Amino acid sequence: MERLSDKELIKKFLEEKDVSGFEMLYDRYVDKVYGRCLSFTHNESLAKDYTQEIFINVLGKMSSIHDREYFSTWLYTLSYRFCIDKFRASKKSVFEDEFDEGH
């Protein structure tokens, strides 16, 4: 079987309602997304959780991808923003905990 482009896989998933399109995208990018998450968390378990959350978000946002040829760029941006948001939330939580303990 020929290697389908990201654009073709997205079409397969969205327009043809074929889940294998998403599965192929997942298989193609899961290791890179996990690597990005691991670089932020330095924790394998947390990186796996983040990766799963990101792909769940991808499922919900697939139809909003305007330029399907740049799926990988969109996915990496989504992954980066997700990790940054989690990182900021954890820092805020630590600060609030320390503040609460002081008073």
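## An aromatic cluster

In this predicted model, four rings come together as one aromatic cluster: Phe 13, Phe 22, Tyr 26 and Phe 55. The structure holds 8 aromatic pairs. One of them joins Tyr 26 and Phe 55 edge-to-face, with 4.7 Å from centre to centre and 65° between the planes. Because Tyr 26 belongs to helix α2 and Phe 55 to helix α3 (residues 44-61), this pair ties together parts that are 29 residues apart in sequence. Phe 55 is buried, at 4% relative accessible area, while Tyr 26 is partly exposed, at 23%.

## A second pair, from α2 to α4

Now look at Tyr 29 and Tyr 76. Their ring centres are 6.0 Å apart and their planes stand at 80°, so this pair is edge-to-face too. Tyr 29 sits in helix α2 and Tyr 76 in helix α4 (residues 71-102), so parts 47 residues apart in sequence are tied together. Tyr 29 is buried, with a relative accessible area of 8%, whereas Tyr 76 is partly exposed at 24%.

## Following helix α2

Helix α2 covers residues 19-41 and bends by about 50° at Tyr 29. Its buried residues include Gly 21, Phe 22, Leu 25, Val 30 and Val 33. Just after the helix, His 42 has a positive phi of about 55°.

How many disulfides does the structure hold? There are 0. The sulfur of Cys 37 has its closest cysteine sulfur in Cys 83, 3.6 Å away, which is too far for a bond because a disulfide needs the two sulfur atoms within 2.5 Å. Both cysteines are buried, Cys 37 at 0% relative accessible area and Cys 83 at 1%.

Definitions and conventions
Residues numbered from 1 in each chain as written. Predicted model: local features only at pLDDT ≥ 70, side-chain atom pairs only at ≥ 80, totals over all residues. Heavy atoms only, no water. Buried < 20%, exposed > 50% of the residue type's maximum accessible area, 1.4 Å probe, protein only. Bend = angle between axes of the 7 residues up to and from the residue. Helix = DSSP H or I, 4+ residues; strand = E, 2+ residues; numbered from the N terminus. Phe/Tyr/Trp six-rings, centres within 6.5 Å; stacked < 30°, edge-to-face > 60°.
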